[in-house]
Amino acid sequence: MKIATIIELVIFLFYELFLFVLCKKEKNQRTNSKIFWGESLFFVGKYIGKRINIQKFIKFSRKKEQYLFELFDQADIGMIKTNLVNSKITYIFVLVPFSIFIGLISRKIKIFILLFFMVMALSFSSDYMINKQVKTRRYEIMNTYPSVLTKMSILVNAGIPIVDAFKRVANSGCGIFYMEMKNCVDSIDNGVPYDLAFENFSKKCGCREIRRFASLCTQNIVNGDTNIVLSLCELSNFAWNERKTRAKLASEQASELLLFPIILMFAGIMIMVIVPTFDSLI
């Protein structure tokens, strides 16, 4: 091993050891969420973030706040937001020096660039996973929504008050949407006002169609609405048409994705045919 490599290794190990010893006294907040990698090391980001007061310069957008509200309990959102910041600081101060060290000992800039971009991708992986989970969650909610509206319209048309119909439908199935309906029913049973309970329900679902449904329920409970059955039927018909449209788009996207492996196979066959031909000509 060359002396230069030994010196680089000593400097790197000293830096990492000094960093962990310096930051270890900071208590770590662990959420045990699957969106984070290496959460046990986030005390590094927490310590450095406090020293440079980075929270003053970082503001979460209204869209990101809504995503966090949909995915996590209200009591955990604060820790999730903190660790979203701490994770990026930790990856930069721990893994970027590691990338530099590997690049130095290999004497290849390509390796450093590759590792650096991997660290950057890891830094934003939690944001990507949040977006993906919200998209999957909303897709499942919107697939369940039409059947819920159909059940609601049948029960209300039979003369059952809308709150009782909502409670019955909430207990008639399983899934994310039914779970949110049950949480809304629990809030009402615990004394939360109807308008606030349905508002939180619509925010938790995060879809504008659900907001319209929740607003319709609240309006009927507070002011009464003789056309509630007709309104529910209109919402149900519109929701079923939207579901058909989404299913059609999903099938078209699946067909487009199938073209990619076919193109690769065709390209491989062409290479197998053309290369021997060129070799024979040469």
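Start with the contacts across the whole chain. Among those between residues at least 6 apart in sequence, 65% join residues at least 24 apart. This is a predicted model. Colour it by secondary structure: the chain comes to 11 helices and 0 strands. Read along the sequence, the pattern is α-α-α-α-α-α-α-α-α-α-α.

The chain exposes about 17,800 Å². Carbon and sulfur atoms supply 65% of that area. Of the 282 residues, 36% count as buried.

**Stop 1**

Select N32. This residue sits in the loop between α1 (3-23) and α2 (43-52). Is N32 buried or exposed? N32 is exposed, because its relative accessible area is 60%, over the 50% cut-off.

**Stop 2: the largest pocket**

Next, show the largest pocket. About 310 Å³ of space lies in it. Its lining has 17 residues. Select F69, E180, N183, N200 and K204, the lining residues closest to the pocket centre.

Which helices each supply at least two residues of this lining? Select α3 (62-71), α8 (176-189) and α9 (194-205). The largest share comes from α8, with 5 residues.

Colour the lining by residue class. There are 8 nonpolar, 4 polar and 5 charged residues.

**Stop 3: along α8**

Stay with α8 and hide the rest. This helix has 14 residues. From its first C-alpha to its last, α8 reaches 20 Å, close to the 20 Å expected at 1.5 Å a residue.

Show the buried side chains of α8: I176, F177, Y178, E180, M181, C184, V185 and I188. An α-helix has 3.6 residues a turn, so residues three or four places apart point the same way.

Bring the neighbours back. What do the buried residues of α8 pack against? Display α6 (125-157), α7 (162-170), α9 and α10 (208-222). Then step past the end of the helix to G191, which follows α8. Phi of G191 is positive, near 100°.

**Stop 4: F213 in α10**

Move to α10, one of the packing partners of α8, and select F213, which lies in this helix. How accessible is F213? Its relative accessible area is 0%, so F213 is buried.

F213 touches Y145, L149, M152, F166, F201, L232 and L235. Draw a distance from F213 to Y145. The two are 68 residues apart along the chain, and their C-alpha atoms are separated by 9.7 Å.

**Stop 5: T218 in α10**

Stay in α10 and select T218. Here the relative accessible area is 15%. T218 counts as buried because that value is under the 20% cut-off.

Which residues does T218 contact, leaving aside its neighbours within four places in sequence? Show Y194, D195 and F198.

Note on methods: Residues are numbered from 1 along each chain as its sequence is written. This is a predicted model: local features need pLDDT of at least 70, side-chain atom pairs count only at pLDDT 80 or more; totals for chains, interfaces and linings use all residues. Side-chain values use heavy atoms; hydrogens and water are left out. On a 1 Å grid over the protein atoms alone, a cavity is a set of points where a 1.4 Å probe fits but cannot get out, and a pocket is an open set with protein on both sides within 12 Å along at least five of seven lines; lining residues have an atom within 4 Å of a point. Grid points are joined across faces, edges and corners, and a volume is the space filled by probe spheres set on the points. Helices (H or I, at least four residues) and strands (E, at least two) are DSSP runs, numbered from the N terminus. Ala, Val, Leu, Ile, Met, Phe, Trp, Tyr, Cys and Pro count as nonpolar, Asp, Glu, Lys and Arg as charged, and the others, Gly among them, as polar. The expected span of a helix is 1.5 Å times one less than its number of residues. Buried means under 20% relative accessible area, exposed over 50%, partly exposed in between (1.4 Å probe, protein chains only). Contact means heavy atoms within 4.5 Å. Accessible areas come from the Shrake-Rupley method with a 1.4 Å probe; for residues, only the protein chains shown count as cover.
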